[in-house]
Structures are given as structure tokens and as C-alpha cells.
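Welcome, and please open your viewer. We will walk from one selection to the next, with a short note at each stop.

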Amino acid sequence: QITTLINHKDKPKRSDKTLQAIQRVGQAVNLAVGRFVTVGEAIANENHELKEEMSVACIEARRAGETIAQLTDVASLDHPESDSHITIFTDKTGVVKAARLLLSSVTKVLVLADRIVIKQIITSRNKVLATMEQLEKVSSFQEFVQIFSQFGNEMVEFAHLTGDRQNDLKDEKKKARMAASRAVLEKCTMMLLTASKTCLRHPDCESARINKDGVFHRMRLALEQVIEIVTDSRPNGENEMAPISIYSGIKEFKNKVEGLRENLYFLSKENLSTMLEVILEHTEDFTDSAYTSHEHREHILELSKQAKMELEQLVSVWMQAQNQKTKDLMEDLEVAILKTCQCMNELKREVHSAATSLAADLLKYHTDHMVLKALKITGVEGNLEAVAEYTCKLSEQKEQLVEMCRLLRHVSGTEPLEITCIHAEDTFQVTGPQIISAAETLALHPSSKIAKENLEVFCEAWESQLSDMSLLLREINDVFEGRRGEKRVYLSLPRPGKHNANLKALKPVKLDTEEQAKIAKLGLELHLLTSDLDSETEKWEDQENEIVQHGQGMSSMAYSMYLFTRGEGLLKTTQDLFHQAEIFAAEGTKLASALHALSDQVHDDDKPLLLLEAEKLISMCKQLQITAKASAQGKSATFTKVDACILKTRNVMTLLCQLLPLCCKLLRKNKAGNGCLKPAPPWKEGRIRTGTNARTPERRVDTFGIKSLENHVTNMTFLESK
């Protein structure tokens with residue numbers, strides 16, 4: 001609304017409609033500010049240490065809102081008696097000043113409110129830590145029951161506060177880290193209960209004490225990480241240095257190499273060589289691993305050697321092109337760039353195959369949980385020798401799974417998934433020894449029901465993490481294949497020169513800032529539609545369904561077109577956009593064919609509607625293809641063509657958002673309750689999609705096991721009876 005006022009063009013002739021519209025906008029701004037300030041003042045009254053600062057900011061905001069309302073009070077402007085009245089037409093700078101003051105004061109209120117939220121989370125964390133210290137020192141069941149009930153309530157409060165905060169985070173990496181920390185706290189709450197009970201029942205048992213200490217230590221680390229994320233700080237001021245994955249290294253390397261097309265001087269050859277060296281060092285994690293197959297190891301080594309050779313050739317041509325920019329040399333450079341990028345793609349594909357095939361084999365091998373079952377049986381039997389034998393086997397299994405997580409992190413494809421891999425690695429690393437100490441405790445006290453219950457809880461955590469790994473592996477494969485996960489560009493996107501032997505093609509152009517501003521609204525609408533379509537496709541149980549796959553592909557392409565309107569993403573030029581629009585339209589035609597196939601399966605009553613929608617889709621896609629293929633000469637014509645392509649893509653997406661729910665409904669109807677909808681798996685809590693990239697407003701955050709925590713608290717009476 002403020003932007004509308006600032007950008008309003010002063011015209012000699014002003015219609016009543018224009019005057020009323022300006023006045024309505026001014027009043028709306030003032031009312032919105034009033035509501036906002038009322039909340040700010042209420043927060044100030046509840047937080048005395050920031051009351052003065054908050055009150056000043058609220059007063060400034062209210063004053064600015066009232067000024068805007070006065071300057072836009074232009075409805076009576078045509079009356080002679082109002083000639084002296086200062087308005088937006090007589091004092092445009094006044095509106096600009098008031099708008100700046102308003103935005104400044106609103107920002108102050110938001111920053112102060114944010115400080116209060118952070119303080120609430122820190123205070124809640126401190127309460128939890130204080131109660132944990134009391135729990136560590138208790139010596140009787142009765143005292144433990146009372147303190148644990150208080151601890152449970154405090155954990156529920158902490159869960160609510162951090163859940164809200166996780167929803168508010170814009171950084172996908174922080175969101176994933178927060179999700180991982182909260183998952184640890186959720187699982188450890190039950191572990192803390194059983195481990196503490198076991199320690200109280202067997203106070204002289206060293207393995208029981210080690211088991212309990214491990215849980216407390218892990219909870220403290222998770223609480224500390226939450227505070228680091230919330231306050232955006234690291235202990236002792238150290239910076240977080242996460243190791244670079246092979247995927248992210250290759251992505252950055254390729255971007256630099258492809259950048260040579262536009263600028264031969266923006267980086268040095270030493271810079272490129274160093275980047276490749278770092279990537280090849282990371283491939284040693286695969287070649288040195290005892291779990292990598294001989295075939296994969298050989299292929300990775302061959303591709304590493306080839307990558308060095310391709311880079312040498314590229315550098316040679318690049319150096320010549322810097323000295324003498326001839327047509328032949330530029331064509332040689334293009335070929336060298338393509339060959340280098342192709343080699344890196346093959347290397348990426350090979351490490352992906354090595355990591356995911358290892359993960360699939362290990363997860364399949366360990367699905368029976370034989371070692372855990374054996375530990376439970378031998379523990380109850382009190383067979384210390386057999387427990388020792390199976391703990392060695394569990395340690396071997398732990399090493400295999402930890403190695404699997406490390407290799408998967410290299411090929412995860414997105415930062416949130418990388419963090420999920422790191423979290424999984426930590427979980428196996430910590431839970432393995434805890435299962436061993438719990439099993440040793442049971443073997444020493446085979447008749448102890450509490451020791452048996454404690455071992456069950458730790459084994460369940462292990463099994464749960466293995467189950468999560470299967471979901472994570474599927475997600476990593478989906479991202480690689482371009483089906484799901486963080487929004488990605490369509491994998492078959494033609495690049496200039498890649499699919500066209502004629503290097504004399506028209507010089508591709510980019511949108512300038514003014515053109516981006518004109519098309520921003522349309523792009524935003526496209527962005528919102530991709531979110532809607534993604535939420536619809538995720539509701540389908542059968543993710544392999546042809547309709548879903550085409551829908552996901554089209555959503556991905558539409559999102560890359562939205563990024564283009566912002567000057568971001570891998571669609572760098574208008575020619576890229578037109579190529580993408582053609583592929584998008586072709587995918588839409590395939591989806592229409594799938595709809596025709598579906599119409600043969602549905603009841604006669606539903607068939608006409610489905611066929612009608614399919615025909616609409618075919619017609620829209622044809623129009624888009626015609627527009628994308630039409631020639632456009634000159635800047636103005638090219639922008640008009642861009643605008644038309646985005647507009648027609650938006651229209652197709654609007655239709656798809658109506659079509660997919662209809663198809664799912666018809667399939668459900670036909671399958672007579674078999675269902676094609678499913679809830680999202682809980683581990684996806686900190687994923688995005690998009691998102692990646694920050695397109696994740698629709699994502700939900702699980703309440704961190706609040707229900708299970710509340711159940712722990714309300715069911716504590718059973719301890720007293722024991």
C-alpha cells in the first residue's frame with residue numbers, strides 16, 4: 001500500500017474514483033498501523049526492560065500512520081474551501097518522509113519483539129537445564145516423580161516456543177538444524193525417563209550410570225544448538241565450518257567454469273584448480289571406504305583423472321582466448337567448457353550411485369534387527385559373554401551406518417538434506433554405545449523390568465532412525481532425479497550451445513531491472529501457484545503415478561521461470577526462458593494424455609468433466625508453444641514475448657491446481673476407499689523444498705512430540721505405585 005502511494009503519478013486530471021482510491025489506501029495504512037501498534041504496546045507492558053524503547057517506536061509508527069492518513073485525505077480536494085489543505089498532490093515529499101519513518105519504526109518494533117521471543121526461548125531453556133540438574137542428583141523415586149513432572153511441563157513449553165520459532169525461520173539450513181535438535185530432545189526425553197529409573201533402581205551399576213550420563217549430555221548439546229540457532233551465534237565466537245559436500249563443490253565449480261562464457265577475467269586458473277583439488281580430495285571418502293565396491297572405486301578414480309585432464313585443456317584454451325579473442329578460439333573454449341562440465345556431471349552421477357547403492361544394501365540387510373533382538377534375549381538370560389559378542393556386532397553395524405551417512409551427505413543435493421544426514425550420523429554414533437551400556441545393565445540384572453524397558457527404548461530409537469534413513473534415501477534419489485525436494489531447474493533444460501551446433505545463434509539477452517519490476521507481480525503469482533501444486537502432489541500416496549510425476553515436473557519448471565523474473569536461478573537469458581516454456585508445454589501435453597488414460601478408468605458420470613479439462617489443458621499448452629516459438633526482434637518485442645510466456649504458464653498452473661485434486665478424488669472414488677492420500681512423513685519436518693531456496697511457507701512443523709511429552713507427564717503416577 002505504501003509503495004502504491006509513493007509510486008502514484010500526479011496527473012492534472014483526477015477522477016473521483018482515483019481520489020477515493022488514494023484516500024482508501026491512506027486510511028487502510030493508518031488502520032493497519034493502529035492494529036500493529038496496539039500489539040506492540042501490549043508486548044511493551046508485559047516486558048518492562050524493553051518497555052521504553054518499544055513505546056517510543058510505537059509512538060513514531062502511530063504518528064507516521066496518522067500523517068499518511070492526513071496527506072491522503074483528498075476526497076474533498078475539488079471543493080474551493082480545501083485549497084489550503086496539504087495533500088499528497090501538494091507535498092509528495094511529506095508522504096515519502098512519513099513512509100520512511102513508518103517503515104523504520106515498524107522495523108524497530110519487530111526487532112524488539114524478536115528480542116523478546118529470543119529471551120523467552122533462552123529463559124525456557126534455562127528452566128529446563130536447572131530442572132535437569134535436579135534430576136541428575138535425585139536419590140529417591142518419589143523425588144524423581146515430582147521433579148520429572150515439572151521437567152515434562154517445561155519441555156512442553158520449550159517445544160511450543162521452538163516450534164513457533166522454527167516456522168518463522170527463513171534460512172532452510174537453520175530450519176533443518178532446528179528440526180534435528182528438536183528431534184533429539186523429543187527422543188531423549190523418554191530415554192532420560194527410563195535411564196534415570198534404571199539408575200535409581202540399580203545405583204551401584206556403572207553401565208547404568210554411563211547410560212544415563214550419555215542421555216543428559218546429548219540433551220544439553222541439543223539445547224545448546226537450539227540457542228545457537230535462535231541467537232545466531234557460536235560458542236567462543238567461533239564460526240561454523242561445515243565440510244563441503246561433493247555435490248555443492250561440483251555445483252560451485254561448474255558455475256565458475258560456465259561463467260567463462262561471459263567473462264574471461266573474473267577468476268584465476270589457480271582458483272579453478274584449487275576448487276577441483278578440493279572436490280577430488282572429497283572423492284577419497286569414497287575410494288578409501290571399505291564399503292565402496294571395486295567397480296565404483298575404479299570409475300571414480302578414472303573420472304577424477306579425466307577431470308584433471310579436461311581442466312588442463314580448458315585452462316590452455318582459456319589463456320589463449322584471453323590473449324586473442326578469435327571466433328575459432330571462442331568455439332574451442334565452448335567445447336572445453338561443455339566437456340569439463342560433462343565430466344563433472346559423470347563424476348557426480350558415479351558418487352551418487354556408489355552412496356545410494358551402499359545405503360540401499362545396508363538398509364535392506366539390517367531391516368530384520370537381528371542383533372538388537374539377540375541383545376534383548378541374551379540380556380534377559382544374563383549371558384554376559386553372548387551380550388559382549390553381540391555388542392561387537394552392533395559396533396560393526398554402527399560403523400557401517402555412520403560411513404553410509406557420511407557418503408550420503410556428499411550426494412544429498414540440498415543443505416537441509418545434508419544436515420539430516422549429519423543428524424543421522426550423530427544419532428547412530430551416540431545411540432550405538434547407549435544400547436550397549438543398556439544391554440550390559442540388563443545382563444547384570446536380568447530380572448529387572450526397568451532395565452529391560454530401558455533397553456527397549458534405546459533399541460526403538462535405533463530402529464526409528466533406520467526407518468528414517470529409508471525415507472531420507474528416497475528423498476535424496478528424488479532430488480537427484482528432479483522429482484521432489486528443494487525446487488530445482490528442470491534437468492533437461494537446454495543450455496545455449498549445448499544442444500545447438502550452430503554457435504552463431506542469436507545473442508541471448510537478460511531482463512534489465514526495470515523489466516524485472518514490471519513482471520514481478522506475475523512472477524509472484526506463478527510462485528504461489530507452484531506452492532499450491534506442490535502441496536497437492538504431496539497428498540498422493542502413489543508418487544510414481546504418471547499424473548503426479550508430470551505435475552511435479554511442471555511445477556519445477558514453473559518455479560525456475562519464477563526465479564527468472566527475479567534475475568535468479570539457472571534460466572539466465574530470455575532464450576533459456578523460451579526453451580523452458582516449450583518443454584513445460586510439452587510436459588503439459590503428456591499430462592493431458594495421462595488424463596485421457598485416467599478417463600477410461602473412471603465412472604461414466606465423471607468422464608465428460610475429466611475429458612473437458614484435458615482438452616482445456618491441451619489447448620493452453622499449444623498456445624504457449626506457439627508463443628514460445630514465435631520470433632521476437634528488439635528489446636520491446638522480446639519483453640512482450642517473455643510477459644506472454646509467463647502469463648500463459650500461470651494460466652496452465654492455475655488449471656493444474658484444479659485438475660490434480662479432481663484426479664485424486666476420482667481415483668479415491670474408483671478405488672473404493674483404498675486411498676491415494678497420505679500424511680507427510682514426520683522426518684520431513686525441516687526439509688523445503690523449498691525448498692529449498694526459501695519457498696517454504698506452506699511447510700508445517702511437527703509439534704516435537706508434544707503429545708507424547710504430555711502423555712509422559714500425565715502418566716507419571718505409575719512410578720509412584722512402583
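Start by selecting helix 6 (172-201) and helix 14, each of which supplies at least two residues to the lining of the second largest cavity. Helices here are DSSP runs of H or I with at least four residues, numbered from the N terminus. This is a predicted model, where local features need pLDDT of at least 70, side-chain atom pairs count only at pLDDT 80 or more, and totals for chains, interfaces and linings use all residues. Residues are numbered from 1 along each chain as its sequence is written, and side-chain values use heavy atoms, leaving out hydrogens and water.

**The cavity**

Now select Ala183, Val184, Lys187, Arg218, His423, Thr427 and Gln465, which line the second largest cavity. A cavity is a set of points on a 1 Å grid over the protein atoms alone where a 1.4 Å probe fits but cannot get out, and lining residues have an atom within 4 Å of a point. Its volume is about 40 Å³, taken as the space filled by probe spheres set on the points, with grid points joined across faces, edges and corners. Which helix gives the largest share of the lining? Helix 6 does, with 3 residues. By type, the lining has 2 nonpolar, 3 polar and 2 charged residues; Ala, Val, Leu, Ile, Met, Phe, Trp, Tyr, Cys and Pro count as nonpolar, Asp, Glu, Lys and Arg as charged, and the others, Gly among them, as polar.

**Val215**

Next, pick Val215 in helix 7 (residues 206-231). Val215 is buried, with a relative accessible area of 0%; buried means under 20%, exposed over 50% and partly exposed in between, using a 1.4 Å probe and protein chains only. Not counting residues up to four places away in sequence, Val215 touches Cys188, Met191, Leu192, Ala195, Gln434 and Phe458, where contact means heavy atoms within 4.5 Å.

**Aromatic pairs**

Colour the rings of Phe, Tyr and Trp (its six-membered ring): they pair if their centres lie within 6.5 Å, and planes under 30 degrees apart count as stacked, over 60 as edge-to-face and the rest as tilted. By this rule there are 5 aromatic pairs. Zoom in on Phe428 and Trp462, whose ring centres are 5.1 Å apart with planes at 70°, so this pair is edge-to-face. Phe428 belongs to helix 14 (residues 415-444) and Trp462 to helix 15 (residues 449-480), so the pair ties together parts that are 34 residues apart in sequence. Are Phe428 and Trp462 buried or exposed? Both are buried.

Move on to Tyr559 and Tyr562, a tilted pair at 5.4 Å centre to centre with 45° between the planes. These two tyrosines are about one helical turn apart, because they are 3 residues apart in helix 17 (residues 546-565). Then select Phe144, Phe148 and Phe151, which ring pairs link into a cluster.

**Charges over rings**

Show Lys348 with Tyr247: the charged end of Lys348 sits over the ring, 5.2 Å from its centre. The rule asks for NZ of Lys or CZ of Arg within 6 Å of the ring centre and within 35 degrees of the ring normal. Lys641 lies over the face of Phe578, at 4.0 Å from the ring centre.

**Last stops**

Select Arg406 in helix 13 (residues 384-410), which is partly exposed at 37% relative accessibility. Beyond its neighbours within four places in sequence, Arg406 is in contact with Glu425 and Gln429.

Finish at His369, in the loop between helix 11 (327-365) and helix 12 (370-381). His369 has a positive phi of about 55° although it is not a glycine, and it counts as buried at 18% relative accessibility.

Terms used: On a 1 Å grid over the protein atoms alone, a cavity is a set of points where a 1.4 Å probe fits but cannot get out, and a pocket is an open set with protein on both sides within 12 Å along at least five of seven lines; lining residues have an atom within 4 Å of a point.
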